Each structure stands twice: as C-alpha cells, then as structure tokens.
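User: Hi! Could you walk me through this structure in plain words?
Analyst: Happy to, just ask away.

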Amino acid sequence: MAGDYFKIIRGGLNSTFQDLGRKNLYHIGLPFSGAMDKRNYLIANKLVNNNKNDAVVEFAFQGPALKYFGEKRNIVVTGNVNFKILKNDNSKYNAECYKTIKIENGDIIDILSTINSVYGYFSVNGGFKLDKVWDSFSTTIRAKVGPNNGCKLTDGQEIELNNSKLSPNKKLNFINTKIEFIRVIKGTNYDYFSEKSLKNFFAKTFKVTKLTDRMGMRLEGNRLDNIKNTNIKSEGLVKGTIQVPADGCPIILLSDHGTIGGYPKIGVVISADYDKLVQITPGSKIKFKEIQLKDAENLYKIYNMETNNILNKII
Amino acid sequence: MIKNIVNLGDAAIYCDFGHDVNKEINSKVIKYFRALKQKNLKGITNLSPSYNKLIITFDLNETCFDNLKQEIIDLNINMKVENQSQKINIPICCDDEFSLDIERIEKKFGKSKSEIINLFLNKNYFCYMTGFVAGMPFLGDIDNKIQLNRLKTPRVKVPKGSIGLTEQFCNIYTFESPGGWNIIGKTPINIFNPSNKKKPNLISPGDEVAFYEIKKKDFTKFYGR
C-alpha cells in the first residue's frame, strides 16, 4: 500500500462503511441505508475534523480490531463502547469515547463491544479512501451495494486512508440518553386491528427479540389481532414503519428494509425517536405512545436543534 | 386522479390511486412517479411506486407533509412527461433443473409442461413496480389459466435468476433470497447489476417485458450480461 492504511485484524459482527444514506433509489428496490444512529455518526466525523457526510465505520455489538500503518493520526469512537488501544510498544489502555486518540504506526484499536446499546462509530481524521457508489458511502449488504464491494469488513483486508495532516485533539462531554416511550403516528392500516389490540399496542410493553438487525426489529409480547385483512396489496415502505404480519407480532422496519411489502402498517415511529430506537438492545422492553403529526414535526425540529448544538460545542 | 393523500409517519406521503390492481391504475401511478421525478420538488428524497400507490419520502429539514401535499395536488399532471418505457426481451430456460415447481403446476391445472410454458411465453408483461430486494420486477398479468397462490411454506433459498408466478404476477429473483413464488424457470442474465452505475436495474416500472425460451447449453452465451 502506498499511503497510510488499516489492516483489519478482526472484522467484527457487522462492521460496514456508512454515511448519511443513499437517496432516490427506492423505486429500484434500494433502501436509504446509511448510519443507523445519525447523531453519533455526525459527532464521529466532527471530532476528527471530517466533513459531515464522510464515511465512517459503523459496528454492531462487537466492533473491529484494526492495526494502523502510517503517520500520526487522530481517531475517535462514538456511542457507548468498550475499546482498547494496544500501543506499538506493547503497552495497552482502555480508551474513552468522544475523545480523539492519537495513533501511531503499529498501534491497534480493538473495539470490544457496545455497552447497553447496539451501534457505535469509528472515524479517522482524513477519512477512508473509498469510492462513492451512487453518490454515497453507505453499504447495503443484501444488495451488495456500497464501498468495499457492498460487503462487511472482513478479517485480513486492508483499508487505505486519504492523505491528511494530524487533526487537533478534541473532546466532547456527551452522554447517550434512553427514551421511555417510542412515539408513533398512526399507520395507514391502523383500523385493521381490533379495539383491544389497539389499546394493548399503546398500553402494554413489547420485547425486542434477537431477530433484529439493520433491516428490522421484531417484537413480541402482545399479539395484535387483525380483524380485517392480514395481507394488503404490496406497496412501498418507509423506515420506522411498524408492520404486523399474520402472526400478530410487530416488526419495525429499519434503514436497510425491503422497499416493498404487503403487511398492514399499524404505525410509524417518528423521525425524532429513530436514533434512540435503533440503539435498543434485544431483550429490552419498549412501549409505544401515540402522537399527532404536528407534534412529531416539532419534536424533530427540537431534536435536530439539539444535534446541531452538540456539534457546535465541538470546536 | 389520486383518490387519497395521507401522511405515512412524519416524513412520507402516501398517495392512493384506487383499490384495484390493473394496468390503468398503475399507469397513473407511474405517470405521477415520472412527473415528480422530472419536477424534482424541494425536499423529496425517494419515490416508491407500486401497483396502486405512490409513496414519497422527504427530508423534514426541507419541507413538511402539508407543503408537499399541496404541491402534489397542484402538480400539472398533464405536463409532458417523457415516455421512458422500454421493451425488454428476457431469455428463460425451463429445463427441469430450473423449473422447481412445474410438476405441481402440471398436476394442479391438468396441463402438460409445454402447454403451461407456452401460456407463459405467449404474453407480453407490464412492469408494475420494482423492489422488495434491489431490481426485482413485478410483472403482469399472467394468463388466468395458470394463476397460482403463493407456496404455503416459502423456500429458504430461491436461486438467483429464478422466474416465479403468484396470482396474476410474475417476478425474477435478482438475488438468491427466501421466497414463496412458484418457480417455472431461470434466466442467465443479470437483472440487477450494481456495477452498472448508470442503470443497475434492467427493468423499470412501465417497461414491457417478453420472455423467450432458451436451452441450458445456451447459458454461456449470456454470461456477463
């Protein structure tokens, strides 16, 4: 390799390059994809002085271990993540999220696991040397679309970096908070469900199952009784849609969702709650709360403002 | 022309063109799809046409449901929309190795394999939509003498290129994936090619598709296409 690069010692469970997502391809069957937790993605780029839509590595649960070859650079990890730095002199230490770490030739970043959360982000100053696919660095594994041939990071591969000077050291005081309720707007098939099921939908808790990934989150705990029709004509879907198949167990569609489907939609998670929704781990309980469109729009404005305030604190 | 426009969550619009699935209603959907694509209204991030619906997603930072709904209502749909429909011929091989469900179909309809294949080959199909997985075309309408329900238990793996029937529709599996359609053959050509950056999907909504039969020994002629 000519320039600086990382050698992937361990790819991790589901480590992919992501950015803000890929637009205008729903009609051919490609979802947005992009970083699941946009706020932590944006913070990761800002802390190492990168552009807001540069590629980062998103990982789920267990992250990658990467060995660095090159001149001094800053890296950062965002999320709630347990990771270690193994220095080239064989010393090692537990590192902190939201704080840039200067790495040198031969250092290893070992991202062990996310803590009480699903996704974390790894960025490097200068950014990864990748080609955009349809104007985006996002990876959609199912369609093999994106940089790195649309694949996850794999053991042994090497990833080149863009030439860059060492960025200044930065730190952000930030704590990821959880939400008590996932707020939803009624879906287009809301009236397909029995009165009792609709009452339960907002009153009882659901459990997030292990059948959860970038495509969707399967829930269990209360079967929702469809009294009208368990199949509708296949139609477009959007992320955050809560659809209910014939078995009565809801599925929340996430960023890599299939673009067309024929299950009734009971509701849609509001945009303001998406970043926090995706971080909920399998086994956790969640509760839904109904909200009106106007309130959802305002909550998104507030959420966005908060994100900008956080980013503006990084100087 | 749009029967009903409602919000789907806080960042999408759901346009309903009517209950039925037919070419007439779908043509209206596609007309709106193309007009909106051409018009490039502020904030729209995706257009998702299907049999009788058009779902439009937008960036909440740039617009909102009320604004965009009004813009769609005000849209001059008689504006000249470039006719982009293409006619596409797709080779299909129905050798036993690839027509996984043919025996069951023969029994169900009391017809021979060649009768069934001919009924399938004798029609031109209209592409109602593409999606679910990248590039998968939903084509119709199948001759009503060979219309079938979905498999009771879907296959865990349907091979890439498989051509399947369900109700009045036919589709082509662009990737190996789970699936419950009745498989009658396989095409050697790539229906979705991510390395073709300009046009990854061979078939787009509104296109017309015809199938022609080939033998397995001809497969090599199509490699790389």
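This is a predicted model: local features need pLDDT of at least 70, side-chain atom pairs count only at pLDDT 80 or more; totals for chains, interfaces and linings use all residues.

User: How many residue pairs are in polar contact across the interface of domain 1 and domain 2 of chain A?
Analyst: The rule finds 14 residue pairs there, both residues at pLDDT 80 or more. A polar contact is a pair of N or O atoms within 3.5 Å; within protein, one must be able to donate a hydrogen and the other to accept it, and residues adjacent in sequence count only if both atoms are side-chain atoms.

User: Where do the two domains of chain A run?
Analyst: Domain 1 covers 5-160 and domain 2 covers 182-311; such bounds come from an automatic or database domain assignment. Their C-alpha centres lie 28 Å apart.

User: How many salt bridges are there between them?
Analyst: The count is 2 salt bridges, meaning a side-chain nitrogen of Lys or Arg within 4 Å of a carboxyl oxygen of Asp or Glu.

User: New topic: is A:Asp4 buried or exposed?
Analyst: A:Asp4 counts as buried because its relative accessibility is 14%. Buried means under 20% relative accessible area, exposed over 50%, partly exposed in between (1.4 Å probe, protein chains only).

User: Which side chain does A:Asp4 join through a polar contact?
Analyst: That of A:Tyr68, at 3.0 Å. The A:Asp4 side chain also has a polar atom 3.5 Å from the backbone nitrogen of A:Glu71.

User: And where is B:Gly18?
Analyst: B:Gly18 sits in the loop between strand E2 (12-16) and helix H1 (23-39) of chain B. Helices (H or I, at least four residues) and strands (E, at least two) are DSSP runs, numbered from the N terminus.

User: Why does B:Gly18 count as buried?
Analyst: Because its relative accessibility is 8%.

User: What does B:Gly18 contact, leaving aside neighbours within four places in sequence?
Analyst: B:Lys3, B:Ile25 and B:Asn52, where contact means heavy atoms within 4.5 Å.

Technical notes
Residues are numbered from 1 along each chain as its sequence is written. Chains are lettered from A and ligands numbered from 1 in the order in which they are written. Side-chain values use heavy atoms; hydrogens and water are left out.
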